[in-house]
Amino acid sequence: MLLVARKNLFSERTRLAISVGGVALSVFLIGILLSLFRGWSQQVGGFVENTPADLWVASDGTTDFLAASSALPGALGSNLKFVPEIDVVSPLIVRPMELHKSGNNPDDTFDIQLVGFDTLIGLGGPIHVKKGKELPGPGEIIIDNETSRRYGVHVGDRVVKGTKSLPVVGIATGGDFVYTQVAFVTLDTAVDFIDLEPTTLRTFFLLTLDDPEDAGNLAKRLGAATPGAKYVSPDDFANETRSRILGNILPILIVVLIVAFIVGLAVAGLTIYTATVEKSREYGILKAEGFTNPYLYRVVFEQSMITGILGFLLGAGLTILVAPFAQDSVPQFVVFVRWQDILGIAGITLLMALIAAYIPVRRIASIDPVTVFKG
Amino acid sequence: MAENGRVILDLSGVTKIYGSGEFAVSALKETNFRVLGGEIVAVMGPSGSGKTTLLTIAGALLRPTTGSVAICGIDVTQMDESKLAAIRRERIGFVYQSFNLLEALTALENVRIVLQVQRNHSKAHAAERAREMLEVFGLSHRIDSLPKKMSDGEKQRVAIARALAKDPELILADEPTANLDAKRGHEVMALLRQKAMELHKAVVVVSHDNRIREFAHRIVWLEDGRLHDHHPEDHRFV
């Protein structure tokens with residue numbers, strides 16, 4: 001590093017602190033928002049992706065798991081069992097609803113996504129049971145760990161909807177969709193709890209195949225053979241679910257990311273520019289002494305780069321340190337810090353530093369060394 | 001190192017006009033000015049007489065409107081900026097009225113930095129040479145001091161050490177005593193003269209301080225953009 005760049009930068013500690021702080025704040029904001037986006041993406045699609053099915057069957061027009069506007073005749077499941085390539089058919093009844101904990105204020109409700117599944121098959125049930133029974137019995141419910149943590153509902157408590165209630169017999173993980181969580185009951189319990197009419201109606205069917213590699217071709221054939229039903233892979237269905245939730249958030253997120261970038265750029269740019277203006281005479285002296293413009297540009301670029309690197313290290317460090325604790329304070333603050341994102345932010349910081357140096361460099365180019373002979 | 005008697009600076013028919021049309025101002029008019037190696041020339045004159053213009057043209061910082069400028073026999077009149085920078089870097093040392101040290105750098109670093117941009121100086125060699133020069137100027141105890149911790153006299157000695165460290169043929173000093181009291185001004189000029197003569201440098205000192213007359217081999221008077229030769233003992237303009 002050039003002597004002048006290093007000395008000028010570190011001789012003005014307050015300015016350096018402001019500059020590095022501005023970049024760090026920007027990096028922290030970008031880092032946290034990206035990690036939040038990654039965390040939500042991971043969480044929102046997790047249940048659909050981790051359920052070991054090869055195809056999801058829904059009624060045409062169904063967009064995702066959470067909206068669950070799908071309605072399929074139970075007979076479709078019976079017919080699918082006769083398709084030779086299909087190994088298992090598991091029906092699901094899914095319905096979003098509000099519950100409250102027995103003994104609490106009835107207005108103190110929370111959202112869940114009730115999932116009724118065939119406990120004999122097991123497909124579509126809890127991903128991993130952490131506490132209590134592995135499968136719900138008739139008239140029992142297994143809730144997600146996040147529901148338990150957020151709303152203080154534990155094994156032995158009862159959850160209530162209107163005049164009906166279910167005892168909590170287990171706590172599972174892997175069913176958190178950030179703003180709602182899945183809760184599992186038997187098919188019959190679901191029919192009764194939501195007063196399903198006709199009782200044979202199903203929301204989804206989950207299929208496992210003899211040859212999972214053939215899922216794409218089979219989906220096309222089945223789609224053509226059973227009008228009104230669509231067959232999608234777990235990945236596609238998970239992505240559609242993500243799009244539904246995150247699609248509305250993404251534009252806002254992008255705007256905030258751009259604002260964070262501009263904040264960092266403005267702080268770094270302004271502090272480096274004012275430092276350059278204050279040192280104009282000294283740059284003039286160096287020009288008079290025979291230092292070339294490229295040398296002086298390098299001084300500014302190095303100052304900008306060092307500011308950027310320090311800001312990045314501080315901001316990225318804060319992101320990594322703060323992220324794990326954020327969810328403890330705000331349950332919806334689900335973050336996932338990826339090293340690829342940290343690398344990307346390093347690139348953004350580099351870009352920030354380069355742009356921040358541009359105007360000061362132009363200023364240096366315009367300095368006339370003759371001015372150093374005046375006074 | 002400049003050879004005694006060799007022409008180091010040669011301004012021939014130099015005119016400098018600022019502005020144009022009815023706003024044109026002639027700072028220098030058909031000026032001829034030569035300085036030899038080992039010679040100390042004082043350029044004196046009233047404010048606004050064109051002294052700084054003469055100095056900056058001699059220092060390859062400003063192009064004349066007409067005429068030619070040669071430094072160490074090299075015509076620099078039409079040179080591009082990068083070559084002019086190389087001439088300033090390799091062949092000219094500047095001493096300024098307000099010292100012009102870099103505030104964030106120590107005395108040693110202020111001298112070292114100008115040496116480091118010269119191709120023939122490694123970092124270690126530049127530091128060694130800077131240390132030697134500061135010792136020559138009695139600043140051993142100030143090597144690690146920042147300019148703000150030094151007296152004006154010390155700052156000017158660092159500036160002269162910086163100018164001489166890169167072993168230039170030509171030293172251009174702009175009002176080097178203007179910010180110093182009489183005693184320190186005398187010390188600085190005596191030191192500049194002594195070192196310049198030992199090292200056979202061509203020195204141009206621009207000033208309107210009469211005290212510098214005793215240190216010059218030759219005095220020229222600049223008024224209204226025109227140069228007039230005068231002997232150091234000639235006091236008509238004092």
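**Into the core**

A: Chain A has ten helices and ten strands (DSSP runs numbered from the N terminus, with H or I for at least four residues making a helix and E for at least two making a strand). Bear in mind that this is a predicted model, where local features need pLDDT of at least 70 and side-chain atom pairs count only at pLDDT 80 or more, while totals for chains, interfaces and linings use all residues. Residues are numbered from 1 along each chain as its sequence is written, and chains are lettered from A and ligands numbered from 1 in the order in which they are written.

Overall shape next. The C-alpha atoms of chain A fill a box of roughly 95 × 50 × 25 Å along the principal axes.

Chain A is assigned domain 1 (3-45 + 246-373) and domain 2 (55-228), with bounds from an automatic or database domain assignment. Their C-alpha centres lie 48 Å apart. Six residues of domain 1 and seven of domain 2 make up the contact, counting two residues as touching if their C-beta atoms, placed from the backbone, lie within 7 Å. The domain 1 side has four nonpolar, two polar and no charged residues (Ala, Val, Leu, Ile, Met, Phe, Trp, Tyr, Cys and Pro are nonpolar; Asp, Glu, Lys and Arg charged; the others, Gly among them, polar).

Now the core itself. The largest nonpolar core has 166 residues, and among those with the most contacts inside it are Ile141(A), Val43(B) and Val111(B). Such a core is a set of buried Ala, Val, Leu, Ile, Met, Phe, Trp, Tyr and Cys residues joined through C-beta atoms within 7 Å; buried means 20 or more other C-beta atoms within 10 Å of a residue's own, exposed 12 or fewer, partly exposed in between, with C-beta atoms placed from the backbone. Helix α2 (residues 13-50) of chain A gives this core its largest share, 13 residues. Domain 1 (3-45 + 246-373) and domain 2 (55-228) of chain A both contribute residues, so the core lies between them.

Zoom in on Val111(B): leaving aside neighbours within four places in sequence, its contacts include Ala130(B), Met133(B), Leu134(B) and Ala161(B). Back in chain A, 42% of the 375 residues count as buried.
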